[in-house]
Amino acid sequence: MSDTLNVDEVKRMFEYVAGAVVDSEAELTVIDKKIGDGDHGTNMALGFREVRKELRAKEFDSVNEVFHCVGMTLLDTMGGASGVLFGTLFISGIVGLTPLKAIDLAALAKIFQKSLTALKKRGKARVGDKTMVDAVEPAVAALLEAAAAGQPLAQGLAAGAAGARAGMEYTKQCVARFGRAKSFGQASLGLEDAGAVSVSIIFRAMAQWVQQNHAGDIG
Amino acid sequence: MNKIINSPEAMVREMLEGYLCANPQLFEKVPDTNGLVLKERLDKVAIVTGGGAGNEPWNIGYVGYGLADGVALGHVYAAPPARAIMNVTKAVHHQKGVLFLATNHAGDVLNFELAAELLQLEGFQTRCVYVTDDIATAPLEQREERRGVAGVALVLKIAGAAAAAGLDLDGVARVARKANDQLRTLGVTTSPGYLPSTGEAMFEMAEGTIEFGMGFNGEPGILRMQLQPADRIADLMMERLLADLQPAPGDEVAVLLNGFGFTGLLELCIVNRRIKTILDQRNLRTYDMFIDTLLAPQGTGGFSITLLKLDEELKQYYNSAAESPFFHKREIRS
């Protein structure tokens, strides 16, 4: 059997991702309180609680619709800069994409690659600015590399999660150029960016779900 | 600090509902949105504003006659979602175009830009103006990176008057940008505010210290010191404001002294008296001074001083009356 996720699997994977983000509220709050305004955890939990509810309540005909539902829900419920940016992470990658009944590692990598481009353009951030881009870029690079090497989905997503995590760790070395953290200047050194932590949680949860629910299918 | 709410999730919506109960003849709620619009749809360029809740009356109280036509509210200190901005825009009279007026914060800019793009796809005419008056947040060379604070009240009032006077969309946007160009604000924080969700202090401040330019949420300011007499505080602030605005002798300035909520009129009037003395000493003409609370972060102690340099065109719009339940400004007849 082919190493792909069907519409229902993608939906269940993102339900799991939503749960993981909701469970990380306290952790994110602690991080954001140090150099932000302390509401990133609450805001992410609010958005992803709604994502979980929407996903459970709806039927989807394509993978694209699942991504669209996640992105639009975040955009509408979170507000703030995070709503737009996390919304972009899920929406921009599927703009103009033919409806897919299933995705493999290469397709998933391409979706997030396109989202990354939109995210950088919209947020005007580059790697090193201490933002979520620092985690998304290495995650996408790892997914693309794994896909090019013909790795299985579970292994590719694990590499993506490791990339996101490394990017999140890297934000500790960066001085913020955006948002409230910017005004902390050098004082932000040593602390990770809360948005990058969230990205890392999202990719880790995707990898975990596939590991637990899909890895066994590879025939 | 004891805070009187029902639940953190509901507090912004419930605030909005309570405000509407008090003013049913003036406003109506935008369906499925934390936003309201003026009931009367005036045949002119519309102004839609928005931002995070928590600094009331900014921005809920800025909807009124000679002011904004609609507002979209976000969570406390978080920008409103683009969808909320779009819903409010659709609810106002938008046939002559809509000016989006917000403060220059990353979240607000992202959501207003996104709403503007999506609305343009549907055939709406929009322009965005972001207020950048806080001199503490970036040096003069990077003015466009400064955030917006209390000065947004004056830009909105002037843009509101320009729209009421019948200017077209580009005209209203031009006047709003011109006002923003001549606008400078600096704040001093004397005690921390409290999060309405938890009652916890938003940041730590040692008793007896004050900080200039501090962010409402405790971002470091530009200068921290022991508490000083009112005159000394006003001197320090005016020195920086005037160095940044660079008015020439004889220029006319309007002054908005904005209390942060915890600081009372007794203190504000003392400061205002000193500001007038300084302007006189610098040979600047005080066109108008007013004391109000128009941007008040959750019980924070302190105040901000906003200076607006006026020319004949800006004066003409500044003179118009502005009227909302929490933002009144009488007409000035020159």
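I began with the interface: chain A and chain B bury about 1700 Å² between them, and carbon and sulfur atoms give 55% of that. Buried area here is the accessible area (1.4 Å probe) that two parts lose on being put together, summed over both.

I noted the ground rules next. The model is predicted, with pLDDT of at least 70 needed for local features and 80 or more for side-chain atom pairs, while totals for chains, interfaces and linings use all residues. Residues are numbered from 1 along each chain as its sequence is written, chains are lettered from A in the order written, and side-chain values use heavy atoms, without hydrogens and water.

I looked up the contact (heavy atoms within 4.5 Å). Chain A gives 20 residues and chain B gives 21 residues.

I checked for salt bridges (a side-chain nitrogen of Lys or Arg within 4 Å of a carboxyl oxygen of Asp or Glu). The rule finds two across the interface. In one of them, R122(A) meets E117(B) at 3.6 Å, N to O.

I then turned to the sheet in chain B. Strands are DSSP runs of at least two residues (E), and helices of at least four (H or I), numbered from the N terminus. Two strands pair if DSSP finds at least two bridges between them. The sheet is open, with six strands in the order β9-β8-β7-β12-β10-β11 and mixed pairing. Its edge strands are β9(B) and β11(B).

I followed one pair inside. β10(B) and β12(B) run antiparallel over eight bridges. V255(B) stands opposite L307(B) in β12(B).
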